[in-house]
Amino acid sequence: MTSGKKRQSLLVLILKLSVIPVLVLGIILTIYSRNAVRSGMVFEIEKSLSGIAHHLISSYNMVDAGDFAYVDGKVMKGETDLTSDYRLLDDIKNDTGADVTICLGMERCLTTVVDENGNRLTGTALSEDVRQVVYGKGEEYFSESVSVGDKKFFAYYVPIQNHDGQIIGVSFAGQPVDSVNRSMNFILQGNVIICTFIVLLAGFICYLSAQKIMTTIWHIKVFLEELARGKFGQEMPDAVTKRRDEMGEIGEYAVAVSNSLEEMVTKDPLTGLLNRCACLIEVEEYQKEEAFTIAMGDIDFFKKVNDNYGHDKGDEVLKYVASVLRETVGEQGFAARWGGEEFFLGLKEEREKMQEQLERAMERIRTHEFIGNGKKFHITVSIGILSYKPELSFDANVKKADELLYYGKENGRNQIVSEGTVCTN
């Protein structure tokens, strides 16, 4: 049964509920890792540049213990003229990869920083921030973005003091922002790839799990669809019954509902035999067999049993006869309560074979001893039997079997009557 409302695939819904949170988590982790990587790298850069700037001052102090000074256009360290002597700065840059600069006053005097033509950027001025922090407060200063020429640097500044403690200059160590960003982006790309892989893997696992659930639901759906069409006796697939979770329980409940409905819809509540409606369905299947024999049976003088011994005893008689007939047809046939004390039998056998089986059943019935109102009594049955004729309608076959049955009842009862033959016991 379907409605006009468009239905959304449960598989899509499950994937949304499972993959979207993983995707959001992946995005959050990527953003977090980007910030964490950048913060970590900036922290390491700051420490590294601080060490280089301090090392620059220490290295010049080893050259000459005197103070830095700018005299007549010359850069002096004590008695040593450092003007245009970049060997120490270049060695430090080669060893560390960082640009270094000696500034006296607010001007760069010695530096490894060059412009696009390879000219050293000496004579350029420091920023106002450096003046306020380093010269004004006498503190070291770190910045994540300092412009020197046309380049931006991560920069660390250390005050240079003379022997009386006066700040006369600045030691600078810097790392180009572009190179740091390239390194950072390389690391972030790795993180993005890892996060993407995790999201895809999680999505794939979720898909497989969802597909397995959907397969189970599909089996249950097909089972219930067939049940809704009145098809009983189905087997639930192992994909459902072997599950040890709620889906497996739902499958078990569906089978239980099917069995209960089968009992209610197809079985006679008193005898447990098929009812007339279920009998018609069985005949449709059995009439396709090469050999199919039907029989109509009726308990002789059943009304006297009810009148003399009560309806409870009558029910007992019906149940007993029903159990004998059910055992007689076994797995090769079916037995149904046609109405009242009348029964319908079908068997995948030739008529002669079925008649032999029914004769044994009649013997069991007539020799069985019942007790009612303190008295013993016996019962008999009459049966009409014939080979099913598929060229005739079901009703026509039943009418013929019924005629044979009533012929037997009018001619002594307690017998099986077949076409052209009367067997009296």
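Helices here are DSSP runs of H or I with at least four residues, strands are runs of E with at least two, and both are numbered from the N terminus. Okay, with that settled, let's go through this one.

It's a predicted model, so a caveat: local features need pLDDT of at least 70, side-chain atom pairs count only at pLDDT 80 or more, and totals for chains, interfaces and linings use all residues. Residues are numbered from 1 along each chain as its sequence is written, and side-chain values use heavy atoms, with hydrogens and water left out.

Overall picture, then. The protein chain has eleven helices and 16 strands. Its C-alpha atoms fill a box of roughly 150 × 50 × 40 Å along the principal axes. Buried residues, meaning under 20% relative accessible area with a 1.4 Å probe and protein chains only, make up 40% of the 425.

Now helix H10, residues 351-367. Its 17 residues reach 24 Å from first C-alpha to last, close to the 24 Å expected at 1.5 Å a residue; the expected span is 1.5 Å times one less than the number of residues. Which residues in H10 are buried? Among them are Arg351, Met354, Leu358, Ile365 and Arg366.

Next, His219, which sits in helix H4, residues 177-228. His219 counts as buried because its relative accessibility is 19%. Contact means heavy atoms within 4.5 Å, and leaving aside neighbours within four places in sequence, His219 is in contact with Met236, Pro237, Ala239 and Val240. For a sense of distance, the C-alpha atoms of His219 and Ala401 are separated by 42 Å, with the two residues 182 apart along the chain.

Last stop, backbone angles. Most residues other than glycine have a negative phi. Asp72, though, has a positive phi near 50°, and so does Asn414, also near 50°. Where are they? Asp72 is in the loop between strand S1 (68-71) and strand S2 (74-77), while Asn414 is in the loop between helix H11 (394-410) and strand S15 (415-418). Are they buried or exposed? Asp72 has 76% relative accessibility, so it counts as exposed, the cut-off for that being over 50%. Asn414 is buried, with a relative accessible area of 17%.
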